Amino acid sequence: MNRSDDQPLPRIPRRVALKWIAGASASLTISGSPNFSPAATKTIPAVGYGRDPDILKQYQPGELWPLTFTDAQRQLVITLCDIIIPADDTSPSASQVGVHDFVDEWISSPYQEQNKDRNLILRGLAWLDEEAPRHDPNAETFVALNPKTRLAICSELAVAAKNDRKEYPGSFFYLLRNLVAGGYFTTPEGMKVVGYAGNTPNPIWNGPPKEVLDKLGLSPQE
Amino acid sequence: MPVISPKETQSTYDAVIVGSGAAGGQVAYTLAMNGVKVLVLEAGRMFDPVRETAMFHTPNMAPLRAAATPDKQYGFYDASIQSGWTIPGEPYTNAGKEELRQFAWWRQRMMGGRTNHWGRVSLRNGPYDFKTRTRQGVGFDWPISYDDLAPWYDKAEMLAGIFGANEGLENSPDSSPGVLLPPPKMRAGELLAKDRAQKKLGISFVPVHRAVLTAPQDADRIPKKIHPGNKKAQRILADNMRTRSPCFHATDCHRGCSIKAAFDSTTVLLNPALESGNLDILPNAMARQVTVDKSGKASGVTYVDKVDNTEHHVAARVVVLGAGSQESVRLLLNSKSNRFPDGLGNDHGLVGKYITDSVSSSFSAQIPALENMPVYNEDGVVGQQAYAPFWRCKDLQNGNLDFPGGYKLLTVAGRKMPSLNTAKQFDPVSESEGIPFGKQLKEDARRYYGSFQGIGAQGAMDANDDCYAELDPDTVDQWGIPVLRFHWKFSDNDLKQVAHQQESIAAILDAMGARFTRAPKIDNPEEAIKQGGAIIHEVGGAIMGETPDASVTNQWGQVWKVPNLAVADGAIFPNTADKNPTLTILALAMRTADHLVDELKKGNL
């Protein structure tokens, strides 16, 4: 639960002068800290993977519950995936690592926490196709638009999302961006992009390299 | 003696223990190693951390990128199975309606209990924490002092394997020489916090203590110290220590540890206890009631076999409760008889009273100095490595603060494995016009990843009259066992402490050069304080004390009128210190078990 979403601009604490970022009001969650809201889980699942699933098995979207997207919706989400996370010289795009199927798995989930996102995603996808002819009379769908126009529409949505992440259709783009980017950064390929180099056994841990300590003006640890 | 079914139980045991976590596991270990015939009842199934832990799985291998669901409430790869804030068929209720008047109860139904779901932070209570009534005029004094418990802290630490450093700090005691394993090197964010907090604020960040092996345990030396004169126990313990590998600096301890570097009850306590031949373990056994004989002594435990919903009774000379503090409270209250119509130990209506938890809040910011770092592996021992013990003990004692209990600060930093939420972090700091996507998002990810610093505070809570549990007259679980109804209200002292926590964390982040994206909740601590139970540090409800009229048990957890019934878990804590409770549970449980061994030998039980 995030109580800070709608609060007015915060005041400066008594003893410290804080350097505020203008306009920023989003809060950060400390993932890994015991910050989990018990209230958020108080829902009864339909048919999920159960309370004692096989942890070691590797799962594919569609394996545990049926997926939702039609072929056209799937193609649209693939297009959006690659606008949100395009390929570059060193890393693949989101669709190249199957993130569109993760988005489908998410909105098809029997659990309320994910399933509540279903309507917003489906509504937003339909809206994008409805928008298309207004930008190009020959385009019946978002996918049929030229790449520049597609990018322009997404840029507008991104600005709307930054201004108010709860108001539609900015809210749709905020959610989709989170799912696509989150889905991407949790793959081994996406972890490389952020620069996560762990999850590998090392008998020795020597602390950060000297280059890092130098940047911070810190002396080496004993 | 092995893992058994109800048909295979002995006709009587020296001791039956309810629960297999830190308390139950520790008592089972100490009793079994000393030749006492023990049965452990565990409400969940057997669990093998070696075979059932997904050590290196990445989130894309799991359903929903391993996100939390009602089935796996801390995420898919968390070790918890059939556990959670809610468990189907096993309700609990709250008298209060508002969120802050409600208590959230994490229950672990699996072998090893809540030691499977644990950050492994293992701190000793300090001398002041045992005497809050005398020193601060709040809560209750413990019937023992720090010096009484210190020898068992040493033994519990050597047995579990705890890393940390002796810093000579006020009210954060050192261990005896040779007890602690070396602490890991700090990460960049931890070093920065340590340096800036010390220079600008005089606050010391030091290595935290955690139950994770950073070096092999000394299997030649330690078993002799823990089991002097007991060759068999020494051999079994030495053999078990040699099966444990030091941490290989990867994968979160909350997943479980298949290389046995991290402590859990099954790995460190139950396995060697089974090896002694003196322990039976009965899984899927939900305890209903402690029975008493005509003389008023505990005679055994009635339980439901969850496999076929049949009820059974097992007899024992001694009954020990280690079911998790509030589950032990529930058992005491449900153990009604003609002689004890209000439940066991409840002659003065004290069972269920004085529940406490860590008073907790957190705050975070982005640290520009940590941007654009070169790529390197910063997993370390995965999880907490540094903390700031409470640095104003003198001010507390002199009344210079407007709250009576201290708190510690734990850093949450580093280039950790990305999660579904990683991208959202970049929004408030990105220079893009809209929320970042496309090429910009990848650039932001490379620049900002690892530059976010969170600090969590966990503080002391003194017993108050508003935090208690009772039996709900209207609700039973799926086996017809009455359930607990909680009452909860943080005191003004707790809220003042949280305001101070928020201010301190903001000052430290500021000293690190933070860019803040929201405000600390100094003037509205009720919005920052974590719900009661949310930190899973709840203790109390059957507090120990000096006298039968003011407490439920004596200093060994023995229920005053029923000395062959002992409570071994956190239920006997008279208060919560600004330290995590598990290490103190282990040390007290070992002390209680040693006392029970003596008393059994003397024929007193």
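## Basis

This is a predicted model; local features need pLDDT of at least 70, side-chain atom pairs count only at pLDDT 80 or more, and totals for chains, interfaces and linings use all residues. Residues are numbered from 1 along each chain as its sequence is written, and chains are lettered from A and ligands numbered from 1 in the order in which they are written.

## Where the chains meet

Chain A gives 93 residues to the contact, and chain B gives 93 residues. Residues are in contact if their C-beta atoms, placed from the backbone, lie within 7 Å. On the side of chain A that touches chain B, α6(A) gives the most, with seven residues. Helices (H or I, at least four residues) and strands (E, at least two) are DSSP runs, numbered from the N terminus.

## A sheet in chain B

Three strands of chain B make an open, mixed sheet, ordered β3-β14-β13. Strands pair if DSSP finds at least two bridges between them. β3 (93–94) and β13 (468–476) of chain B each have a single partner strand, so one side of each lacks a neighbour in the sheet.

β3(B) pairs with β14(B) (residues 482–487) in the parallel sense, over two bridges. Thr93(B) has Arg485(B) as its bridge partner in β14(B).

## Helix α13 of chain B

α13(B) spans residues 582–602, 21 residues in total. From first C-alpha to last it reaches 30 Å, close to the 30 Å expected (1.5 Å times one less than its number of residues). Gly603(B) follows α13(B), with a positive phi near 75°.

Notes: Contact = placed C-beta atoms within 7 Å.
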